[in-house]
Amino acid sequence: MGEERFGEFVLVRRHGHVAELVLDRPKAMNAVSTEMARSLAAACAALAADQDARVVVLTSSHERAFCVGADLKERNSFSDADLVRQRPVARGAYTGVLELPMPTIAAVHGFALGGGFELALSCDLIVADRTAVVGLPEVSVGVIPGGGGTQLLPRRVGAARAAELIFSARRVEAAEAAELGLVDRLVDAGQDREEALALAARIAGNSPVGLRSAKRALRLGQGLDLRAGLEVEDAAWRATAFSGDRAEGVAAFNEKRAPQWPGQ
C-alpha cells in the first residue's frame, strides 16, 4: 500500500486500484484552509490523470469529524481583497473532487458541515456511519453554500427539500439523513471507511473504461430532457464499445474467467 502526501493536510493511500483520498488536518477537524484547498486540488489533478486509479474513496483522519467546512478562523482575518483572491483556490478543491473522472465514494462520520458536506456531495456515493451529522449552515454565518451545495443538493433530494435544509441551516443526524437521501448507505459507528473501501473494491473489479464512461453519461445527462440524455448515453457507449476493455470483457465472459482489463 503506497502513500503520497500533498502538502501538509492531504494524503493519498493506494489499495490496489482504489485510491483513498484522506483529509488529514485533524487538529482543525479538517477545516478547509487555503493551503488545504490547494493541496486537495493538486491531489485530485494527480488522481484524474492516473489510469491505475479506478475508484476514489474520500476519508477523514479525524475520529469525530469528516470535515467541518471552511476555515472560519482563517476567513476572519481576511480583507475583502483576500476573500476575492482565495475564491478560485477554494473552488478548485470542490471542483477537483466533483470532476474526478472515476467513481467516487465519501466515507462520512461525525460532522460533515458546510464545505465538508459539499465535499461529500461532490462524490457519486456517500457512505455514512451512525455518528454522522450533515448540513449546510452557511446562511447562519452570513454566506451561502459556495462549494456546489445549492446545485448538488437539489439534484440529490429535490428543490423544495434542498431549500428547507439550506434556508433553515439545520444539522441533520444520520438516521434522518439516510431517510431524506442526504446519504446513500448507513452503517454502524466506526464502519464508514471500511464499508466505503469494500464497496470501492467491488466497483474497481469492473472495466475502468466502462466506469469512466458510465460516470460521464450519468453526469452529463443530468438536467437534460430524455432525448438529449440518450444522445449523451450513445456517445459514451460508442467511446466504450470499441475499447480494449470491451473486447476483453466479452472474451472473459465466453471463456468463463475473470477479465484482465487493459483499461483502454
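A crossing of two helices is called right-handed if the near helix is turned clockwise from the far one by less than a right angle, and left-handed if anticlockwise. Keep that in mind as you explore this predicted model.

**Stop 1: H5 and H6**

Select residues 149-157, which are helix H5, together with residues 159-168, helix H6. Turn the view until you can follow both axes: they lie 7 Å apart, and the helices pack at an angle of about 135°. Angles over 145 degrees would count as roughly antiparallel, and H5 and H6 are therefore oblique to each other. The crossing of H5 past H6 is right-handed.

Now show side chains. On the H5 side, pick Gly149, Thr150, Leu153, Pro154 and Val157; their partners in H6 are Ala159, Arg161, Ala162, Leu165 and Ile166. Colour this contact by class and you will find seven nonpolar residues, two polar ones and one charged.

**Stop 2: H9 and H10**

Next, select residues 208-221 for helix H9 and residues 226-241 for helix H10. Here the axes are 9 Å apart and the packing angle is about 165°. That is over the 145-degree limit, so H9 and H10 are roughly antiparallel to each other. H9, too, passes its partner H10 in a right-handed crossing.

From H9, the contact takes in Val209, Gly210, Ser213, Arg216, Ala217, Leu220 and Gly221, while H10 brings Val232, Glu233, Ala236, Ala239 and Thr240. By class, this contact of H9 with H10 has six nonpolar, four polar and two charged residues.

**Stop 3: an aromatic pair**

How many aromatic pairs does a search of the whole structure find? One. Select Trp237 and Phe242 to see it: the rings are edge-to-face, 6.2 Å centre to centre, with 75° between the planes.

**Stop 4: Ala196**

Move to helix H8, residues 192-204, and centre on Ala196. Is Ala196 buried or exposed? Its relative accessible area is 0%, so Ala196 is buried. Leaving out residues up to four places away in sequence, Ala196 touches Val57, Ile105, Ala107 and Val127.

**Stop 5: Gln86**

Finish in helix H3, residues 80-98, by selecting Gln86. Gln86 is buried, with a relative accessible area of 5%. Which residues surround Gln86, leaving aside neighbours within four places in sequence? Show Ser33, Thr34, Glu74, Arg75 and Phe78, each in contact with Gln86.

Terms used:
Residues are numbered from 1 along each chain as its sequence is written. This is a predicted model: local features need pLDDT of at least 70, side-chain atom pairs count only at pLDDT 80 or more; totals for chains, interfaces and linings use all residues. Side-chain values use heavy atoms; hydrogens and water are left out. Axes are lines fitted to C-alpha atoms, for helices over the stretch in contact, and angles run from 0 to 180 degrees between N-to-C directions. Helices (H or I, at least four residues) and strands (E, at least two) are DSSP runs, numbered from the N terminus. Angles under 35 degrees count as roughly parallel, over 145 as roughly antiparallel, 65 to 115 as roughly perpendicular and the rest as oblique. Contact means heavy atoms within 4.5 Å. Ala, Val, Leu, Ile, Met, Phe, Trp, Tyr, Cys and Pro count as nonpolar, Asp, Glu, Lys and Arg as charged, and the others, Gly among them, as polar. Rings of Phe, Tyr and Trp (its six-membered ring) pair if their centres lie within 6.5 Å; planes under 30 degrees apart count as stacked, over 60 as edge-to-face and the rest as tilted. Buried means under 20% relative accessible area, exposed over 50%, partly exposed in between (1.4 Å probe, protein chains only).
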